[in-house]
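Please consult the sequence and the model displayed here before reading the briefing that follows.

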Amino acid sequence: MESVKPSAMTPAKSKLARTFAKVLHIRAVSGVAPVDGVKKVKPQEKVVKDDQKPVKSKGSWSQLFDKDDKDDENKVVIEALLAKIFATISSVKAAYSQLQYAQSPYDAEGIQSADCLVVKELKNLSEFKQCYFKKQFDFSPEKTLVSAEIQELNSLLKTYEIMRKKLESQLRLKDSEIIFLREKLEEINKQNKLTEKRLYSSGQLSMLDHLHFSGLSPSHFNAVLRHAVKSIRGFVRLMIDEMKTAGWDIDAAANSIQPNAVYYKADHKCFAFESFVCREMFNAFHYPNYSPAKEPLPERKKQQQQQLFFERFTELKSVKAKDYLSRKSKSSFGKFCRVKYLQVIHPKMESSFFGNLNHRNLVNSGEFPDTGFFASFAEMAKRVWLLHCLAFSFQPEASIFQVNKGTRFSEVYMESLDDEAFLPSNNTQESDPRVAFTVVPGFRIGKTVLQCQVYLSQFQTNHNH
């Protein structure tokens, strides 16, 4: 082989020489066993002219097998290094999980310990990087593989242990929340019972606890009337809420009750529903027992009838409606509840509220539903029935009245529910405000007039030119 001066070598050939030197150095460092006392090296390549590729000289069969063994050994070494890297990454993940766990609740020692572990494992990864670049591989790859697998499993186990502690901590937190919510629920239930007690108690009727038949006056009747109206409005709010939940068109429903009524505010449409409930509940109010008498009663029997109605009033006044109905389902009040429920609650409405007609079926069969909705209705019906009983306890009995649509407003007989109607900007007509519809009827007791409640509005009328 001809010798070539270093100064005459091209850059490519100089690089090739350096590569061979590195390969020989790696083989010496990596501990490749010599054969017959001589280390195996690659056969030198013949140096040829610059425009020709170097041609390797053919080696013996033993050199080819030795090359295959070396490739397999290098593969195992690389696998061992990768296993150590992945095992170390698992250790970093486990240490980071421990660091997160120690932050809540705050554990200073735990945070410091986990931080040290993270730094330690990151340093290990840096060392592996340097070993790879310097080709300083492990002399026992099989042992390293097993050790790395054990390390990775331990890290995984540690991660699961931290996860278990986290879940236990969350479970304790949820248990605390459950206890808190249960206590809150108990408190709300107590408040509901108090509210229910106030709802079902006589409230404003407490002034009538010691009332005697001989001491009746229009002021007593007015107190019962206000109590009944308050109950009606509470039931109307419940009914509208149920309609909204069931997806009813509130505007269309209000317009079907009071066509062409113009409201000053959107929430005034509740008065249309209130007028409907009052119309149904007070229908036939002027008849004893809400039904026409077969023949006029003589004067002596009228006095007995007044006494009978007052006794009914006294009996029912301080009792819950549902308790009274459970004991006396066939009483006059029970019949009144059945008839009025079927009139006020349309089958389509009930079906949309509850998905069935169970309430209606029970009422038709002579029983009463044990639900909050019917309890609210029954309480409202009770207060209207009490007003009816008290009306027929007077001599002469109290009479009921309402005003027609378009009637001019009169402060003597009417009470307006919308003060906006009297504002100059809203009252564009030269005449006084007119009645759109009666919401709550009025009553006369002798010479005393209890005003009806009305809604005043402008009408959508056609003008002929």
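## Structural briefing

Under the grid rule used here, one cavity of 30 Å³ or more is counted. A cavity is a set of points, on a 1 Å grid over the protein atoms alone, where a 1.4 Å probe fits but cannot get out; grid points are joined across faces, edges and corners, and a volume is the space filled by probe spheres set on the points. The model is predicted, so local features need pLDDT of at least 70 and side-chain atom pairs count only at pLDDT 80 or more, while totals for chains, interfaces and linings use all residues. Residues are numbered from 1 along each chain as its sequence is written, and side-chain values use heavy atoms, with hydrogens and water left out.

**Overall composition**

- The protein chain has 13 helices and six strands; helices (H or I, at least four residues) and strands (E, at least two) are DSSP runs, numbered from the N terminus.
- Of the 465 residues in the protein chain, 33% are buried, where buried means under 20% relative accessible area, exposed over 50%, and partly exposed in between (1.4 Å probe, protein chains only).
- Among the contacts in the protein chain with a separation of 6 or more, 71% are between residues 24 or more positions apart; contact means heavy atoms within 4.5 Å.

**The largest cavity**

- Rolling a probe the size of a water molecule over the atoms shows where empty space is left.
- The largest cavity has a volume of about 50 Å³.
- Its lining consists of Asn 222, Leu 225, Arg 226, Val 229, Val 440, Pro 441, Leu 450, Gln 451 and Gln 453; a lining residue has an atom within 4 Å of a point.
- Helix α5 (residues 218–245) supplies the largest share of this lining, four residues.
- By class, the lining has five nonpolar, three polar and one charged residues; Ala, Val, Leu, Ile, Met, Phe, Trp, Tyr, Cys and Pro count as nonpolar, Asp, Glu, Lys and Arg as charged, and the others, Gly among them, as polar.

**Nonpolar cores**

- In soluble globular proteins, nonpolar side chains tend to be buried together.
- The largest nonpolar core has 72 residues, of which Phe 221, Met 239, Phe 273, Val 277, Met 281, Phe 333 and Phe 377 touch the most other members; such a core is a set of buried Ala, Val, Leu, Ile, Met, Phe, Trp, Tyr and Cys residues joined through side-chain atoms within 4.5 Å.
- Helix α13 (residues 372–391) gives the largest share of this core, 13 residues.
- Apart from this core lies another, of nine residues, including Phe 401, Val 435, Val 454 and Leu 456.
- Leaving out residues up to four places away in sequence, Phe 221 touches Leu 387, Leu 390, Ala 391, Phe 394, Ala 398, Phe 443, Ile 445 and Leu 450.

- The 12 residues of α7 should span 16 Å at 1.5 Å a residue, and its end C-alpha atoms are 17 Å apart, which agrees; the expected span is 1.5 Å times one less than the number of residues.
- Helix α7 is mostly covered, with 10 of its 12 residues buried, among them Phe 271, Phe 273, Phe 276 and Val 277.
- The cover over the buried residues of α7 includes α5, α6 (250–257), α10 (332–344), α13, β3 (435–440) and β6 (452–456).
- Ala 284, in the loop between α7 (270–281) and α8 (299–317), has a positive phi near 70° and is buried, with a relative accessible area of 19%.
- Asn 289, in the loop between α7 and α8, has a positive phi near 60° and counts as partly exposed at 35% relative accessibility.

**Backbone geometry beyond α13**

- Most residues other than glycine have a negative phi, and most peptide bonds are trans.
- Gln 395 and Pro 396 are joined by a cis peptide bond with omega of about 0°, and Pro 396 is placed in the loop between α13 and β1 (399–401).

**Individual buried residues**

- Arg 383, in helix α13, is buried at a relative accessible area of 5%; its C-alpha atom is separated by 7.4 Å from that of Ser 231, 152 residues apart along the chain.
- Leu 325, in helix α9 (residues 321–327), is buried at a relative accessible area of 3%.
- Beyond four places in sequence, Leu 325 touches Phe 333, Gly 334, Cys 337, Phe 368, Phe 374 and Ala 378.
- Ser 90, in helix α2 (residues 61–103), is buried at 16% relative accessible area and is in contact with Glu 152 and Ser 155, leaving aside neighbours within four places in sequence.

Note on methods: 1 Å grid on protein atoms, 1.4 Å probe; cavity = no way out; pocket = protein on both sides within 12 Å on 5 of 7 lines; lining within 4 Å.
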